[in-house]
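This report describes selected features of one protein structure.

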Amino acid sequence: MTTTHTLFDDAVQRVRAGTTAQSEAISLLAQLTAEEKLGLLDGDQDFWSGMAEMTQGYNRTPIVMGCVDRVGLPGLRFSDGPRGVVMGASTAFPVSMARGATWDLALEERIGIAIGAEVRAQGGNFFGGVCINLPRHPAWGRAQETYGEDSYALGEFGGALTRGVRHHAMAVSKHFALNSMENGRFVVNVTADDATLHEVYLPHFRRTVEAGVDGIMTAYNSVNGEWAGQNEILMESILRGQWDFQGVTVSDFLLGLRDAGKSLHAGLDVEEPFQQQRAQHLEADLDAGRASWADVDRAGRRILATQIAFYARELDDAPSIDVVFSYEHRALAREAAATAAVLLKNDDVNGQPLLPLDASSLRQVAVIGRLAGLANTGDEGSSNVHTPHVTTPLEGIRTALPGASVDFVEADDPSAAATSAASADVAIVVVGYTSADEGEYLGNIMTSHPNLLSLFPPAPEGVDLGALMDAASDGGMVMGSAIGGDRRSLRLRPIDADIIRATVAANPRTVVVIVTAGAVITEEWRDEVPAVLIGWYNGSEGGTALADVLLGHHDTTGRLPYSIPLDESHLPFLDIDATEITYDRWHGQRLLDRDGNAAAFPLGFGLSYTTFSIDQVTVSPVVDEHFDATVSVSNTGDRPGRHVVQLYAVIDANDFPRRVLVGFTPVWLEAGETKTVTVEGSTRPTNRWTDDGFVPASPSVVIEAAAFSGDKEAATATLDLL
């Protein structure tokens, strides 16, 4: 039997034998026709047929860009994310913000391996779900798609997910850059000076480049007066020139660029996802000199080299389709959801902390709130994972307590909640948000800004453009049911607060579980409640994991990936409908610190079912922007648990954050056990950007080994930077 080798296969084999992907890309590109070269630069599907498919279900199968069958080039076969694989019926992991609350990079890398396997098993090779935008303000509707407010943590988690996904698929980080407003994302111009860019909004993208990320997706918004998808400073000067990125740049879908030739010349390699602006205009732009065939060849080399290099790597064994929503992946989703739960408050009731609950003593349980019985894994836009089953909080609690009577009050009725709670051994109130409250947003943006429709090819006969746009406005069906947008309030619905008060008045043994991605201000009701837990949008097995945590089968190990303010006035200015906005370096915990405002809960905060102490820290000298902190940590309680050792650098410098995160690691300890752990730290967050590049903001810093930002019980050591 003979085996047919394609030109692409031959190139891959030569790279495995010792040549470079770049040299093979040059050779392969020379064998493509002019038409095939142009075909690399956008999607393979006709725009309007692709749009019709997306209205029936977004990204249910791979979206293919640049496949050339003649030479065996597979093309970029896209699947969206990040809480799992959007294609098919896949495993929904907890949203990225919940995974950020685990502070566990090894766990995130395992999730990346699982996601990559589900991409590959369903015919994909290009996972666009390494989402690492920094949420400048907690009202950002897509905060659930990223890991937290801190650039250092974002970079570490983005790198971990990248490493995991790349066992099976190419990884794409997004949205480059300054994308943290949802309602105005297609029209807003974000202004930031160089220091803000390099110190706050770009370092996490650099870390994914260092982790080997294969693609960078640009943002919709404009940055300093130029759309991100055609911003030469971002793509060529910084991404390629400063960071030596060797992969492929791709646009965000449909509206990610405004000028075909300009985007190509500026360094955007692929227009996603269909034949759109470049198919209409690029040949004319080439003829007119607005872009050149050298630009085409440059993009073509990058596109080919990225795929050749990836397929030449030693990948894990190809998984079967059975890996999708497998028992192992569901177990991993359950582990992640349990690890992510953040206990904000756990006061004594009748002489002991309310949580964990003793299952053997529970005969009657009141489960209250519309969200308790709802499959609620996050927004329903482009990140929606169509998982076959979601274990709701109600289902998880009932399954975990087979001998108890569980009464469910779904209605928004404080009186009914109080009645149910009054006769129960414990009341569990599940409140928070859904995709209607926060998430991806299309709304009426394209009808209110009709100039955006000019970016679409002329509609063929029989296509009702108005009806299509109405569908997008009503339910966002082009990119899923994208209706949430940015939050206009950081508080619960007033009726939720009323239900909480009525419940706890009827039964002091009340636990409040908050389903959210971003910060929720709880000042108007929190003092009345003994126990408050952030449960997140926590994936396919979230209800099971919630029961694990409430009943103490799993310690409360989550720590906040952001700060929660006492009041909205303590946050940066935000107008979610703005078309112009300026970002500076001040947001989150660093803004609270600068202004002297105490947090309701600081960055990194979270309670355990046991107690810990950090007794000593020593630091090694800095080598290549890294140092090691050796930390002694003890479990001072009477049950096993997991602590997160967090390293903060305290800096004495003008116009620079007082305290920055520089390292972290989780550690499990038995009751009474002491361990010495080594935490790798980075000096990058302590550097200031200047015209000459990065320099230390101060000659030395104090390293705090802490339980959270500003921990008064932290152990300290001095680290010299110069």
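Predicted model: local features only at pLDDT ≥ 70, side-chain atom pairs only at ≥ 80, totals over all residues.

Six strands form an open sheet, in the order 10-19-18-15-13-14 and with mixed pairing. Its edges are strand 10 (342–346) and strand 14 (405–409), each of which pairs on one side only. From one strand to the next, the twist averages 15°. Strand 18 (residues 510–515) and strand 19 (residues 531–534) run parallel and are joined by 4 bridges. Val513 has Leu533 of strand 19 as its bridge partner.

Helix 15 (residues 393–400) packs on this sheet and touches strand 13 (364–368), strand 14 and strand 15 (426–432). The direction of helix 15 makes about 165° with that of strand 14. Helix 20 (residues 542–550) lies across strand 15, strand 18 and strand 19, and runs at about 145° to strand 19.

**Helix pair**

Two packed helices are described by the angle between their axes and the distance between the axes. For helix 8 (residues 194–201) and helix 9 (residues 203–210), the angle is about 50° and the axes are 5 Å apart. On the helix 8 side, Leu197, His198, Glu199, Val200 and Tyr201 take part in the contact, meeting Pro203, His204 and Phe205 of helix 9. The residues of this contact comprise 5 nonpolar, 2 polar and 1 charged.

**Salt bridges**

The whole structure contains 45 salt bridges. Three of them are tabulated here.

| Salt bridge | N to O distance |
|---|---|
| Glu335 and Arg110 | 2.8 Å |
| Arg206 and Glu210 | 3.5 Å |
| Arg501 and Asp498 | 3.2 Å |

Glu335 counts as partly exposed, at 31% relative accessibility, as does Arg110 at 39%.

Arg206 and Glu210 are 4 residues apart in helix 9, and so are separated by about one helical turn. Arg206 is partly exposed at 23% relative accessibility, and Glu210 is partly exposed at 38%.

In helix 19 (residues 494–506), Arg501 and Asp498 are 3 residues apart, which also means a separation of about one helical turn. Arg501 has 27% relative accessibility and counts as partly exposed; for Asp498, the value is 36%, again partly exposed. Elsewhere, salt bridges with shared partners join Glu156, Arg206, Arg207, Glu210, Glu625 and Arg684 into one network.

Methods
Residues numbered from 1 in each chain as written. Heavy atoms only, no water. Pairing = 2+ DSSP bridges. Helix = DSSP H or I, 4+ residues; strand = E, 2+ residues; numbered from the N terminus. Axes fitted to C-alpha atoms, helices over the stretch in contact; angles between N-to-C directions. Contact = heavy atoms within 4.5 Å. Nonpolar A, V, L, I, M, F, W, Y, C, P; charged D, E, K, R; others polar. Salt bridge = Lys/Arg side-chain N within 4 Å of Asp/Glu carboxyl O. Buried < 20%, exposed > 50% of the residue type's maximum accessible area, 1.4 Å probe, protein only.
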